[in-house]
Protein chains: 2
Amino acid sequence: MTDRRPTLDEVAKAAGVSRATASRAINGGLRVSPQAQRAVDTAVKRLGFVPNRAARALATSQHGSIALVISEPDELFLSDPFLTGVLRGVSGALEGIDLQLVLLIANRNRPAERMAQFLGGGHVDGAIITSLHRGDMMEDQVRGLLPTVFIGRPFDHEGLTYVDVDNDKGGQIATRVLIDAGRRHIGTVSGPSDMTASLDRIAGWRRALSEAGLSTDAIESGNFTIKGAEEATVRLLARFPETDGIFVASDTMAIGVNRAIAAAGRRVPQDIALVGFDNLGMADATTPRLTTINNPLLRMVESATKMLLERIARRDLPAEQVILTPTLVPGESV
Amino acid sequence: MTDRRPTLDEVAKAAGVSRATASRAINGGLRVSPQAQRAVDTAVKRLGFVPNRAARALATSQHGSIALVISEPDELFLSDPFLTGVLRGVSGALEGIDLQLVLLIANRNRPAERMAQFLGGGHVDGAIITSLHRGDMMEDQVRGLLPTVFIGRPFDHEGLTYVDVDNDKGGQIATRVLIDAGRRHIGTVSGPSDMTASLDRIAGWRRALSEAGLSTDAIESGNFTIKGAEEATVRLLARFPETDGIFVASDTMAIGVNRAIAAAGRRVPQDIALVGFDNLGMADATTPRLTTINNPLLRMVESATKMLLERIARRDLPAEQVILTPTLVPGESV
DNA sequence: CTGTTAGCGCATTCAC
DNA sequence: GTGAATGCGCTAACAG
């Protein structure tokens, strides 16, 4: 358990070169003679040398790691495929790159401020922040402190770099599908009001309805959870019994909406048509298959990661925003 | 962006003490006079000093980080609440402890061996490994190399420390519920055969059936995914049309099972009774509410994290296994 | 209780 | 192309 790992010194000695040459050979091999390179390579292999990251970090003041911050104060903690998608995407984008992924999850006991303090502490080379809520105060804490890319537009996005899907447009597309299907009493089960994604989707829903001259009163928050959506739907149907279409702000919530509709003795899509949002696998889980809006999450995450890497390499890049376009995914719920 | 962070030297100078004293004051304050402590404290606060982790790691040869390894070769990557639960649990158990969580996700491009190599490289103080598949070869790579706790029994568990739920017993409980409800043709939609959790649950199912003198032929693998489960159920019902009960090895898969049953024109529970496994939120997503087996995942994860911390503190602890007991969660699917 | 002295392992000047 | 020297920021002996 305590067999000391070989150091660069030992490699150099074994290869019959100086530590400096060994170091160069290991880091790209610039200005190293072929034979020295070979000698070092074999020595490295023979001894099983692995550079000590701490020492390297100390010497270069680069840590070889980035933080992934998930700000989720609720107990619920995104029982959504969203999180999984982000993890998978970031991890995938980091393949082949020698960067560690440090995971920071903010919650009640570990508030966002303390996260931010850690980020500012200079322990990582950069950060990707997602699932941000209003009041997290994360924005100011990282602005100018370290390279950061947000996934999902932050509330206070002045001078910040982020990638997002056009949630407003997505809401519009979804709602228009319902309108085009002849529905005239279209409600929405929205996400929590402290996230920009929720607000933007609501805005799109509202805009499409207004343009069509329809009422925008039927809105209830489902908090991005199954149970929350079920309860929201119950309230919605109580307030607006004539509802014949619902834009559900996430596919996960559609499960709850479906249940409430069934409990009310109504059918999808005959009585009430449904359009969801995300298409991250959950749409397959509903019967009938949900019509939904594709959220290009994986592309967003990959962009975010690439942008972060650029920003780590060149710290003077101006803030940049990337907005991807959502698309309709037909199903059988309209 | 490049405003240098204060160093311990500067704190010491500001506090009018030596670097050593400043260091002691910051690390617990042992053998430090009250006034020196105060002086250092205020200096730290005033300068906004944050210890450099790399330097500290280099000096102490402790990295202040543990790895969470998720071994998921499939593209699917656990679209299951399981992963979320593990992340949340580990993150929660680390609260207040100054340990970073480094996330390692193995997949096709980044095979488990390379993970293991990293782990052996001495960049983290310990590791929690979960979602292990047969052939990952992770076991040998970490054995004796660094403190490690597995969540879910590894295949080759000789001398390894792990926590697990008693999957065999869970399978038995689930199957007995079906038997007690009068079902006599009980199949199972299982997980992938390269995970111990799958095999153990199958074993429990088989044992309960054998004891009751019932057939154990009706088994199909659903691979722990919704779609896989749907297809498995189609096959199962084709092979055994008389099936009147199914033990579904995960609640997530139950969604697919449900769909296949509905597509076959049969009803739950009247025609076919269902018992799932996990109770990690997904059971709420099915109609009727799924009868399932509680998987004490959060407790498992918390145990695993605590055990790891102990093992990091005392590297001579003998291997240890913790097996938690699953319990029945009544629903309306039986 | 305190300060002085050495490293931890590596990258990187700078002469050669 | 190579090696000797220096420092990254911190902790840990040691002597006082």
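**A close look at the contact between the chains**

Mentor: Happy to, and let's begin with the fold of a single chain. In this predicted model, residues 24 or more positions apart account for 69% of the contacts in chain A with a separation of 6 or more. Chain A is built from twelve helices and twelve strands. Its radius of gyration is 25 Å, well over the 20 Å that the globule rule gives for 334 residues, so chain A is more spread out than a compact globule. Along the principal axes, the C-alpha atoms of chain A fill a box of roughly 85 × 35 × 35 Å. Of the 334 residues in chain A, 54% are buried.

Now to the part you asked about. Where the chains meet, 39 residues of chain A are in contact with 39 residues of chain B. On the chain A side, at least two residues each come from helix 4 (53-60), helix 5 (81-93), strand 2 (100-106), helix 10 and helix 11 (251-263). Helix 5 of chain A gives the most, with six residues.

Strand 2 deserves a moment of its own. Strand 2 of chain A pairs with strand 2 of chain B in the antiparallel sense, over three bridges. Within that pairing, L101(A) has L103(B) as its bridge partner.

How do the two copies relate to each other?

F240(A) sits in the loop between helix 10 (226-239) and strand 8 (245-248) of chain A. F240(A) has 18 other C-beta atoms within 10 Å; because a residue counts as buried at 20 or more and as exposed at 12 or fewer, F240(A) is partly exposed. Leaving out residues up to four places away in sequence, F240(A) touches H185(A), G187(A) and A218(A). For one of these, H185(A), the C-alpha atom is separated from that of F240(A) by 8.3 Å, although the two residues are 55 residues apart along the chain.

Methods:
Residues numbered from 1 in each chain as written. Chains lettered and ligands numbered in written order. Predicted model: local features only at pLDDT ≥ 70, side-chain atom pairs only at ≥ 80, totals over all residues. Helix = DSSP H or I, 4+ residues; strand = E, 2+ residues; numbered from the N terminus. Contact = placed C-beta atoms within 7 Å. Pairing = 2+ DSSP bridges. Rg over C-alpha atoms; globule rule 2.2 N^0.38 Å.
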